[in-house]
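Subject: Structure handover

Hello,

Here is the structure I promised to pass on. Please open it first, then read my notes beside it.

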Amino acid sequence: MYLPEHEIADASPAFPKPDQRLVYGTAGFRTKADVLASTCFRMGIVAALRSLSLDGAAVGLMVTASHNPEPDNGIKMVDSMGQMLAPEWEPLCTAVANAETVDELIRELRRIVDAFRLDGTNEPHVVYAWDTRPSSPALVDAIRAGLRAMGAKSTEGGLLTTPQLHYLVLASNTLQSPKPFGEPTEQGYYRKLADAYVAVAGDRRPPPLVVDCANGVGTRALQGLLHVLPPNTLEITALRTAVGERGQLNAGCGADFVKTQQRLPNGYADESAVQPGTLMCSFDGDADRIVFYYLTGPASDPASFHLLDGDKIASLAADYLADLVKTTGLPLQLGCVQTAYANGASTAYLEAKVPITCTKTGVKHLHHAAEQYDVGVYFEANGHGTVLFSPRAMEQLEQAMANAEGAKAAALRELLSLAVMINQTVGDALSDMLLVLVILSARAWDARAWDACYTDLPNRLAKVSVRDRTVFQTTDAERRLTSPATLQAQIDELVRAVPSGRAFVRPSGTEDCVRVYAEAAGSEDAERLVRQVSELVSSSA
Ligand code: 16G
Ligand code: MG
């Protein structure tokens, strides 16, 4: 069995474990950057072991805290097919991260080596990348030390968006396959997206777009893409592009700010590109989320702001793709995956058109559920999502293409190009942006026409601090509580009193708090419901 114990023991003291319990959660480890060095060192080692368990296939490590404040950071692992880390490895990562001494660390690592019967036959391979946080380079050094101790082959991705790293990992592992995913470089990523976009869009003219890059790594990625697209293909104004200026990342801008505050990024009223009717969007700090919005009046008037969130993107995409699938005449099942946070109006709209699955929060759950469909559209309301085409769907589309004509051939060709343009490994702000532009131009819709599909029910989200959030346990895709004992019945009673009322409570997977969501036909009712349920939660814990 294979473990370079001496090298690990020698390198380890440079990365002392902080006095804090760390957990591999929904999106990997995420906390204040200054306590993460030991975790990054150790994740370098675990990633190498994960690669060995996959016969030396490349796996990825991404250093980012996404939409969280700049002083935070995080690290997550990407599996060999570009997907999230296999769930059974999450507790292994947690155990390794929390080993108190070098001996304990070696013991935990040895446990993994034994469990998976890892030997030295293959060379482990790890691809790593990082976002623009000032803390990222030091954490990357810690990863490198872990990889060196393991004698792993490493590929440095550099400053990348999270979805770009997912792309690199899958592309690295499919180089020899009959259908390579793409050239495993950043430029290869841009070329793949750009070529597919040109193939789909043809001479359709997309609406102009104002992009808020959250002062993060999305700025680079957007520039990289625009550089590769033929000149004037897209009419884009990039704002909040201050990469590397301290204190700017996600500050008063970005997808999370816009979605949770339901308003424009700070200072947008002074931007000349920000005009009523213009389509706008915001990336998050690692560009795996996107939300859109537009104004119906002056930027200074909060009432003129209209959000087109992940639910609206899902509705736009599911509707359009369902039409294309129908035109092909193929028996492919298209379905949509949402979470409890999806606005009730979006669920009602979609339910009338396509099958719907509701899953727990967190990309891995949605992704997994979407794989059950031939074409699976998944989006969280917060703007993270993508579309998956099953191998069966791809085969049928390709076969049908061989002797199709007219509208059928056009629909098949478009679906095949969309399957390339859409980053199927994970939600990708850039790729989702192109998808929305392509659909809007095909429909000849502006922001307002897209928004008119359905009207969101007024909704509110609240955060409640409790002593122990593990007391809150849920069932039915987090829509109902099973513990504390009588709380759900009390929530039900409050909800019953409200027209079109809905509310649920779940412990956060990323923060030490409990989240409360409420929606209702009226905005005051939604406000009152979220307050009442929050009070129940506070008094029950
Ligand atoms: C993470 C998840 C995101 C989810 C959010 C919920 C991934 C890559 N990201 O950011 O999907 O919406 O957590 O946070 O899985 P919460 O549990 O704190 O509400
Ligand atoms: Mg993100």
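Let us start with one residue. Arg 240 counts as buried, because its relative accessibility is 19%. Buried means under 20% relative accessible area, exposed means over 50%, and partly exposed lies in between, with a 1.4 Å probe and protein chains only. Arg 240 sits in the loop between E7 and helix H9 (255–261). Its phi is positive, about 55°, although Arg 240 is not a glycine.

Some housekeeping. This is a predicted model, where local features need pLDDT of at least 70 and side-chain atom pairs count only at pLDDT 80 or more, while totals for chains, interfaces and linings use all residues. Residues are numbered from 1 along each chain as its sequence is written, chains are lettered from A and ligands numbered from 1 in the order in which they are written, and side-chain values use heavy atoms, with hydrogens and water left out. The labels H and E come from DSSP runs: helices (H or I) have at least four residues, strands (E) at least two, and both are numbered from the N terminus.

Most residues other than glycine have a negative phi, and most peptide bonds are trans. Ala 287 has a positive phi, near 60°. Ala 287 lies in the loop between E8 and strand E9 (290–295). Is Ala 287 buried or exposed? Ala 287 is buried, at a relative accessible area of 2%.

Next, look at the peptide bond from Ser 483 to Pro 484. That bond is cis, with omega near 0°. Pro 484 belongs to the loop between E17 and H17. Thr 486 is found in the loop between strand E17 (480–483) and helix H17 (487–496). Thr 486 counts as exposed, because its relative accessibility is 55%. The C-alpha atoms of Thr 486 and Ser 540 are 9.2 Å apart, with the two residues 54 apart along the chain.

**The metal site**

Which residues coordinate the magnesium ion (ligand 2)? They are Ser 66 (OG), Asp 284 (OD), Asp 286 (OD) and Asp 288 (OD), at 2.0 to 2.2 Å. Donors are N, O and S atoms within 2.8 Å of the metal (3.2 Å for Na, K and Ca); water is not among the atoms, so sites may look incomplete. The donor residues are spaced S-x217-D-x1-D-x1-D in sequence. Asp 286 is buried, at a relative accessible area of 0%. Asp 288 counts as buried too, at 6% relative accessibility.

**Helix pairs**

Two packed helices are described by the angle between their axes and the distance between the axes. Axes are lines fitted to C-alpha atoms, for helices over the stretch in contact, and angles run from 0 to 180 degrees between N-to-C directions. Angles under 35 degrees count as roughly parallel, over 145 as roughly antiparallel, 65 to 115 as roughly perpendicular and the rest as oblique. Contact means heavy atoms within 4.5 Å. For residue classes, Ala, Val, Leu, Ile, Met, Phe, Trp, Tyr, Cys and Pro count as nonpolar, Asp, Glu, Lys and Arg as charged, and the others, Gly among them, as polar.

- Helix H10 (residues 310–328) and helix H11 (residues 344–351): their axes come within 10 Å and cross at roughly 5°. H10 is therefore roughly parallel to H11. Asp 311, Ala 314, Ser 315, Ala 318 and Asp 319 of H10 touch Ser 346, Tyr 349 and Leu 350 of H11. This contact has 4 nonpolar, 2 polar and 2 charged residues.
- H6 and H7: the angle is about 100° and the axes are 10 Å apart. The two are therefore roughly perpendicular. Gln 164, Tyr 167 and Leu 168 in H6 meet Glu 186, Gly 188, Tyr 189, Tyr 190 and Lys 192 in H7.
- Helix H13 (residues 391–401) and helix H14 (residues 406–421): the angle is about 140°, with the axes 10 Å apart. H13 and H14 are therefore oblique to each other. Their contact residues divide into 9 nonpolar, no polar and 2 charged.

**A covered helix**

Helix H8 (residues 218–228) has these buried residues: Gly 218, Thr 219, Ala 221, Leu 222, Gly 224 and Leu 225. Among the elements that cover them are helix H6 (162–173), helix H7 (186–201) and strand E7 (236–239).

Best wishes
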